[in-house]
Amino acid sequence: MSFLTQLSQIIKDRFENRSDQSYTSQLFESGVDRICRKVGEESAEVIIAAKNNDLNEIKNESADLLFHLLVLLQHHELSIDDIISTLEERHRPWHATPGGVWSVEIVTGVSPTSYSSVCTKFQAMAIRSHFM
């Protein structure tokens, strides 16, 4: 189990078993607006750290951002595993060609002679879903 998965479990526990002494529980009690504000603040701090080329601050602020993002995900009953699944789905074996178009054969396994030789990403996704 990765540390992010462990942290997600701790956050889920704080969501389900609220405590006045837990910062995470207090975030959940404050509602989605406060959680979103924290995600926004931490995002801005990562940007500032990056612009300042401060590697230590980039690490610290990125950790804060990831934590608050995990809290936001839990608020919506999503997990880091849901996000990983989405990333994996996006990384399936179909890829852009140099012109920014998508090969039908890569997506469907069907020779391009059956279709035009290239199509847009959205057309490729539609064709892919049709054949899978």
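This is a predicted model: local features need pLDDT of at least 70, side-chain atom pairs count only at pLDDT 80 or more; totals for chains, interfaces and linings use all residues.
**Figure 1. Meet the largest nonpolar core.** Of its 13 residues, the ones touching the most other members are Ile11, Phe28, Ile35, Phe67, Leu70 and Val71. Zoom in on Val71: leaving out residues up to four places away in sequence, Val71 touches Ile11, Thr24, Leu27, Phe28 and Ile35.

**Figure 2. Helix 1 and its buried side.** Which residues of helix 1 are buried? They are Thr5, Leu7, Ser8, Ile11 and Phe15. These residues cover an arc of only 160° around the axis, so they sit on the same side of helix 1. They pack against helix 2 (23-30), helix 4 and helix 5 (80-90). Over on the other side of helix 1, Phe3 and Glu16 are exposed.

**Figure 3. A salt bridge between Arg18 and Glu29.** The whole structure has 4 salt bridges. In this one, the side chains of Arg18 and Glu29 meet with N and O 2.8 Å apart. The pair links distant parts of the chain, 11 residues apart: Arg18 is in the loop between helix 1 and helix 2, while Glu29 is in helix 2. Arg18 has 36% relative accessibility, so it counts as partly exposed, whereas Glu29 is exposed at 55%.

Figure 4. Lys38 forms a salt bridge with Glu41 (3.3 Å, N to O) and another with Glu42, where the closest N and O atoms are 3.8 Å apart. Those shared partners join Lys38, Glu41 and Glu42 into one network. Glu41 and Lys38 lie in helix 3, 3 residues apart, or about one turn of the helix. How exposed is each one? Lys38 is buried, with a relative accessible area of 17%; Glu42 is buried as well, at 5%; Glu41 is partly exposed, at 36%.

**Figure 5. Glu61, a buried charge without a salt bridge.** Glu61 is in helix 4 (residues 55-75). Glu61 is buried, but the nearest side chain of opposite charge, Lys38, is 8.2 Å away. Setting aside neighbours within four places in sequence, Glu61 is in contact with Glu42, Glu45 and Val46.

Notes:
Residues are numbered from 1 along each chain as its sequence is written. Side-chain values use heavy atoms; hydrogens and water are left out. Helices (H or I, at least four residues) and strands (E, at least two) are DSSP runs, numbered from the N terminus. Buried means under 20% relative accessible area, exposed over 50%, partly exposed in between (1.4 Å probe, protein chains only). Lys and Arg count as positive and Asp and Glu as negative; His and the chain ends are not counted. Contact means heavy atoms within 4.5 Å. The arc is that of the directions from the helix axis to the C-beta atoms. A nonpolar core is a set of buried Ala, Val, Leu, Ile, Met, Phe, Trp, Tyr and Cys residues joined through side-chain atoms within 4.5 Å.
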